[in-house]
Amino acid sequence: MDDRKTAILAEIPRLRRYARSLLRDRDSADDLVQDCLERALARLDNWQSGESPRRWLFTIMHHLFIDQMRRRSRRGEAAFLPLDNEEALAAPAEQLSSAASRDIVHALQAIGPERREALVMVAIEGFSYAEAAGILGVPAGTLMSRIARGREELRGLLDDSTRRRAIRIVEK
Amino acid sequence: MTGRDFSERDIHMALDGELPDEDRMAFDFWLNANPEMAARSARYAADGEALRAAFAGVLSEPVPARLAETLLGRTAGRRAPPSPWWLAAAAVLLLAAGGASGYLAGSAGSGAGDTASDQLAEEAIAAHVVYAAEQRHAVEVPASDRDHMETWLSSRVGLKLVPPDLAPDGFHLVGGRLLPAGSHKAAMLLYEDAAGDRLSVFVTAESAARGSGTYAEMADGPRAVYWLDKGYGCAVVGVLPSGRLNAVAASAYRQLLAGMAS
C-alpha cells in the first residue's frame with residue numbers, strides 16, 4: 001500500500017465518527033464513509049501534496065453528505081431515522097447507558113444538517129473555525145452563526161426532553 | 001485588552017479555542033460579572049462534553065472490513081437492504097398525490113421496519129398537503145368556535161388539547177379537524193400568517209415510541225418537526241424557512257405540553 005493510502009486508512013476512525021454524528025444510523029454512516037473512500041481513491045491525483053489528508057477527506061465527505069440531503073429532499077424524503085432502534089444508535093446501547101447520552105444523540109439529529117455539521121466539526125472533531133469554514137465552504141461568519149444557533153437549538157431540545165421526563169414522573 | 005465589549009459570540013469563541021489569548025482575562029472577568037452569561041457558557045460546555053462522550057466510542061471500534069477493502073481496491077460489498085423509511089416516504093408521496101390520507105389507516109405499520117416516528121410524520125405531512133391547500137374546507141371547526149373545538153378534539157383524541165397561541169410567531173388559528181392516524185385519531189390544528197402561509201399542528205395520543213426529528217433543511221416541500229413520547233405525538237408541518245419552522249414548532253410543542261399538564 002502506498003503512503004497516501006496508508007494516510008487515508010489512518011483517518012477512517014475519524015471519518016466514521018463524523019459520519020455517525022451526521023447520520024446516526026450505523027450502516028448509513030458507514031455507507032457514507034465508503035462513498036467517501038471510493039471518491040477519494042478515484043481522485044487521488046487531486047490530493048495536493050502538503051494538504052492534510054484529514055481536511056481533504058472531510059471535504060469530500062461534506063460534499064457527499066450535502067448531496068445525500070439534497071437527493072432526499074428532491075425525492076420528498078424526510079431525513080428521518082429509526083429513533084428507537086438501539087442498535088442503530090451512534091454507540092452501542094451499553095455505551096449510551098445514561099438517558100442524558102441518549103437524549104443528546106437524539107437532539108443532535110433533530111437540528112438542521114448544516115448546523116449539525118458546523119457544530120460537530122468544531123465541538124467534536126476539534127477543527128478550528130478557519131479549517132471548518134474551509135471544509136464546509138462557507139465564510140467564517142456563517143460558520144460561527146451556525147455553531148451558535150446549533151448550540152442554542154441543541155440546548156432547547158435537551159431542555160424539552162428533560163421537561164418531558166419530569167412531566168412523566170409527575171404523572172406517575 | 002481593556003474596555004472591549006463581550007457578547008454571547010465570545011462565549012462560543014472561548015469554548016472553541018478561538019478567543020485571542022490577550023482577551024482571555026477580560027473575558028473571564030466579564031463572565032464572572034454576568035451570571036446569566038456564565039450559566040450559558042457552563043451549559044454549552046457541559047453539552048459539548050456530553051456530545052464528545054456520546055461519540056467517543058466510535059474511534060475505538062474496529063474498522064469494518066468493507067471499508068478497509070475499499071481502500072485496498074477490492075470490490076467491497078455494500079449493505080443490501082434499502083432503508084424501510086425510504087420506502088415508507090415514497091408511499092406517502094403517492095398518498096399525498098391521491099389525496100387519500102385515510103388509506104394510511106390501512107398501510108401504516110405494515111412494514112416491519114416502520115417506526116412510529118415515520119408514521120406520525122407521514123400522516124402529518126399527508127394531512128397538511130391535503131387540507132392546508134383547501135381555502136374553504138380546510139377545517140371542520142373554525143377558530144371562532146374555539147371552546148367547542150377544544151372540548152371536541154380533546155375528547156376524541158383522548159388528551160387535553162389546548163391550541164397553542166402562535167401569535168408571537170405571526171400565526172393565528174384558522175381552526176381544527178379530526179383525522180385518522182393509523183388505527184387511532186389525530187387532531188389537526190391549522191394556522192395561517194399574514195402572508196397566507198399555513199402551518200399545521202398534528203397531535204395524536206397514540207404512540208408507543210419516543211424521539212424527535214425533522215426534515216432536511218434543504219427541503220422545498222412541507223417539512224415536519226416532530227416529537228414523540230409514549231402516549232402522545234406531535235408534528236408541526238409547514239413550508240417555511242427551517243429556522244422559523246423550528247422556532248414555531250418548539251413554541252407549539254412547549255405550549256401543548258403545558259396544556260396537557262394543566
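## Conventions and model

Helix axes are lines fitted to C-alpha atoms over the stretch in contact, and the angles between their N-to-C directions run from 0 to 180 degrees. The model is predicted, so local features need pLDDT of at least 70 and side-chain atom pairs count only at pLDDT 80 or more, whereas totals for chains, interfaces and linings use all residues. Residues are numbered from 1 along each chain as its sequence is written, while chains are lettered from A and ligands numbered from 1 in the order in which they are written.

## Overall composition

Chain A contains seven helices and zero strands (DSSP runs numbered from the N terminus: helices H or I, at least four residues; strands E, at least two).

Of the 172 residues in chain A, 49% are buried (20 or more other C-beta atoms within 10 Å of the residue's own, with C-beta atoms placed from the backbone). Among contacts in chain A with a separation of 6 or more, 63% join residues 24 or more positions apart (a contact requires C-beta atoms, placed from the backbone, within 7 Å).

## Packing of α1 against α5

In chain A, the axes of helix α1 (residues 3-23) and helix α5 (residues 113-123) come within 10 Å and cross at roughly 145 degrees. A:Y18, A:S21 and A:L22 in α1(A) meet A:R116, A:E117 and A:V120 in α5(A). The residues of this contact comprise three nonpolar, one polar and two charged (Ala, Val, Leu, Ile, Met, Phe, Trp, Tyr, Cys and Pro are nonpolar; Asp, Glu, Lys and Arg charged; the others, Gly among them, polar).

## Burial of α5

Helix α5(A) is largely enclosed by the rest of the structure, because eleven of its eleven residues are buried.

How values were computed:
A residue is buried if 20 or more other C-beta atoms lie within 10 Å of its own, exposed if 12 or fewer, and partly exposed in between; C-beta atoms are placed from the backbone. Two residues are in contact if their C-beta atoms, placed from the backbone, lie within 7 Å.
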